[in-house]
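Subject: A structure for you to look at

Hello,

I am passing on the structure we talked about, and I hope you enjoy exploring it. Please open it alongside this email.

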Amino acid sequence: MSETRTAPPDVVPSVGVAREVPWRAALRWESGLVVVLVATLIFAGTQSSEFFTQSTMFYVGLNMGEIAIMALPLALIVMTGEIDLSVASMLGLSGTIMGYLFSNGWNVYLAMAVALLAGAVGGALNGVLITGLGLPSIAVTIGTLTLFRGLAEVILGNSTVGGYPASLTKIGVTPIQGTQLSYSVVIFVGLAVVCAIVLHATPLGRAIFAIGLQSEAAHFAGIRVGRIKFWLYVVSGAVCALAGILFTLKNASARYDAGTGLELNVVAIVLLGGVSIFGGRGSVVGVVLSVVIVGSLQQALTQMQVDAQVQNIVLGGLLLVSVIVPNGAEAARRIRARTRRRVPA
Amino acid sequence: MVQLRTMAVLATALTVGLTAACSSTTKKAGDTGSPTATGVKKGLTVYFIPKDTQNPYEVIADEGGKTALSELGGKVVVSSGTADTAAAQIPSIQAAIQAHADAIVIAGNDPASLCPSLGQAYAAGIKIVSFDSDVTCPNHLFINQANTKQIGTSEVDLLAKQIGSAGDIAILSAAATATNQNAWIGFMKQQLQKYPNMHLVKTVYGNDDPATSLTVLQGLLSAYPNLKGIISPTTVGISTAAQYLSTHKDIAKKVTLTGLGLPSQMKPYIHDGTVKAFELWNPNNLGYLAGYAAASLVSGSASLTPGTKFKAGKLGEYTVLPADAATGPSVVLGPPTVFDSSNVDQFNF
């Protein structure tokens, strides 16, 4: 595979389009999210007497932290038009590896480092299969979703590994001193800032949008499509492994089935955040807003003693709306454009 | 720059939202009133946190808890997720803390993962009672549905009686991590040593989900065509298997099914001959006892000290048993009941 650099990305017109149009559309979507957020907070504050208390903020952060962290690299991957469904299984595998090594007498920090490395390797496996062999990412990551979970089950079986130093497991019980922020939320905010800078202020970010809009055009514009996607999967694997470590410490225990099914929550956060499932559009601010909305809504509904089934309906509905509203118009436009192209001139 | 201004608006909105969320805690006045005749306070709020909100067995147990608390002049809030995971139960524990509940009665989806959250609840002055599936945390009372060993051994005995103590058998369990099922299976294996001609060929896990249970059951039946018996120590597993066998009479003729089932779900299969006998304790009584235990702990009329006695309404008096290797302080509901065609219609749970 030879990638010939024909021109620097900035001078290619299609990339210029990628920068302008979706940016404005994304802002409109985010304004909508702000309205939804305000509505959610008003709803929560009026319906639940316990919502506007200090512990709510900590609990929302505690419950959403790992999901939110995993949503960031996934958002970038979805912006390139791909998907990673193995995120929650990687979370489980990472915690499992960490727990297994720790139970065999390893230093806990060394065990964490190996878990992170395993995350990067797992992500690289996804990346190689998708960019090297050109397989569809949805199929590959459904495969690794099962594979990673299976590996975790083989490693730990039925056992639970606990006994981590209390100085580490306190992240699941107490907020950062002097605040109501959970440790995972602070890490999320830090990563979000990095992602936002990379995505919205660097050539790499512009390349990610360009790939999502028109992969081939981006390729001919000299963007190393395969390489960028590959490294996004590696980053995703490592970040999900980090989430796995946090998840393990939060629960003070490692199990092979940790975080089962969370991939759907992560995808939901990304889509509600306004990242187009077709790629090429989205922003980090949208993802952050989406995390706050979903977290607050879930907490409020639980406080209001709303049945879990009804909560699922509310969140599912929210997700559907978030996919239909922006993408319905876009899909219609694409179909129209395609039919027009087929008509001979 | 339009973008910048919009970003500023976003940032402001976010800050306002978060600041609002930070505002100070509103303390609710303690609403625990004077003790009643039985020494239990009135107006108690007890959070029942089942494994999930759909499991019919747990729904019945929660009903028992509601009956207990209404007898005591308190109330029960049932709160949990739809998936059998610890992560889905944690928000309910948080809600109980925030609502200043008096006690939590929980069926743990995981023995250890809930402990940090339950520890927080305990630190907030909430009494912790576990039932159905125990947790490994300190400072709680476990309501044991029946002696763990008794359940494991009696299920093997029940099957042995029906298949003449010979042949290949399998176990259709709930989740591979379920504390109670695994403990019973351990005793089943021990009891099987008394039956040299019965061989446990495989344990499969249906995750207490009908679809998964059916899939693993079909896999089991095709992998072991000579299977003589199946023990399913979970109400979801046994009812799914019974339904499958009742529509596949050729298989039902060869395979004997038993385990832990709900009379209401199993009635049709007892009557059509698919299942001859199964067993269970009364989950309504289990929840009822858990409710009384929680209220008694809050009122100080019961404690975690072994030998402490407390009254549990219609069920009479119970004694707190000392901790052993497997569990902390506990109370045992009683021996399981065997249901067959002679008595299944008498029970409506």
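Below is what turned up, starting with the cavities and moving on to one strand. Please keep in mind that this is a predicted model.

Cavities

The count comes to four cavities of 30 Å³ or more. The largest cavity holds about 120 Å³ of space, and 15 residues line it.

Two helices of chain B, helix 2 (56–71) and helix 6 (179–192), each contribute at least two residues to the lining of the largest cavity. The largest share is that of helix 6 of chain B, with three residues.

Strand 5 of chain B

Strand 5 of chain B covers residues 141–144. Which way do its residues point? B:Leu141 and B:Ile143 point one way, while B:Phe142 and B:Asn144 point the other way, and all are buried.

This strand has partners to look at too. Strand 4 (residues 127–131) of chain B runs parallel to strand 5 of chain B, and three bridges join them; here B:Val129 stands opposite B:Leu141. Strand 13 (residues 330–332) of chain B also pairs with strand 5 of chain B in the parallel sense, over three bridges. In that pairing, B:Asn144 stands opposite B:Val332.

Happy exploring, and best wishes

Terms used: Residues are numbered from 1 along each chain as its sequence is written. Chains are lettered from A and ligands numbered from 1 in the order in which they are written. This is a predicted model: local features need pLDDT of at least 70, side-chain atom pairs count only at pLDDT 80 or more; totals for chains, interfaces and linings use all residues. Side-chain values use heavy atoms; hydrogens and water are left out. On a 1 Å grid over the protein atoms alone, a cavity is a set of points where a 1.4 Å probe fits but cannot get out, and a pocket is an open set with protein on both sides within 12 Å along at least five of seven lines; lining residues have an atom within 4 Å of a point. Grid points are joined across faces, edges and corners, and a volume is the space filled by probe spheres set on the points. Helices (H or I, at least four residues) and strands (E, at least two) are DSSP runs, numbered from the N terminus. Buried means under 20% relative accessible area, exposed over 50%, partly exposed in between (1.4 Å probe, protein chains only). Two strands pair if DSSP finds at least two bridges between them.
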